[in-house]
Amino acid sequence: MSGRRLRAAAATLAAAGLLAGCRLPRALDPAAPEAASIAGLWWVFFWVCTAVWALVVAALAAALLRRRGRRRELGAAAAGD
């Protein structure tokens, strides 16, 4: 990109930023009491699901590591025969 085009693009982005205002709109920003209760419920649901996901990943990792340990034991036993 040439210097002139780069400056024009930067000026356009700066103007758009100034015209957009200081605060960016947020999709999860509740505007009414009902929306606030829905947002609170959503965050509870999010954290519960995150905890369940972490537990499932930890259980999967433990199962995979336990299986790997058993394979090593079986391999050592078979090599000793």
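Let me begin with a definition: rings of Phe, Tyr and Trp (its six-membered ring) are taken as a pair if their centres lie within 6.5 Å, with planes under 30 degrees apart counted as stacked, over 60 as edge-to-face and the rest as tilted. By that rule, W42, W43, F46 and W47 form one aromatic cluster.

The model is predicted, so local features need pLDDT of at least 70 and side-chain atom pairs count only at pLDDT 80 or more, whereas totals for chains, interfaces and linings use all residues. Residues are numbered from 1 along each chain as its sequence is written, and side-chain values use heavy atoms, with hydrogens and water left out.

First, the chain as a whole. It has two helices and zero strands; these are DSSP runs, numbered from the N terminus, with helices being H or I of at least four residues and strands E of at least two. Of the 81 residues, 1% count as buried, where buried means under 20% relative accessible area, exposed over 50%, and partly exposed in between, with a 1.4 Å probe and protein chains only.

I now turn to the aromatic residues. The count comes to four aromatic pairs.

W47, by contrast, counts as exposed because its relative accessible area is 54%.
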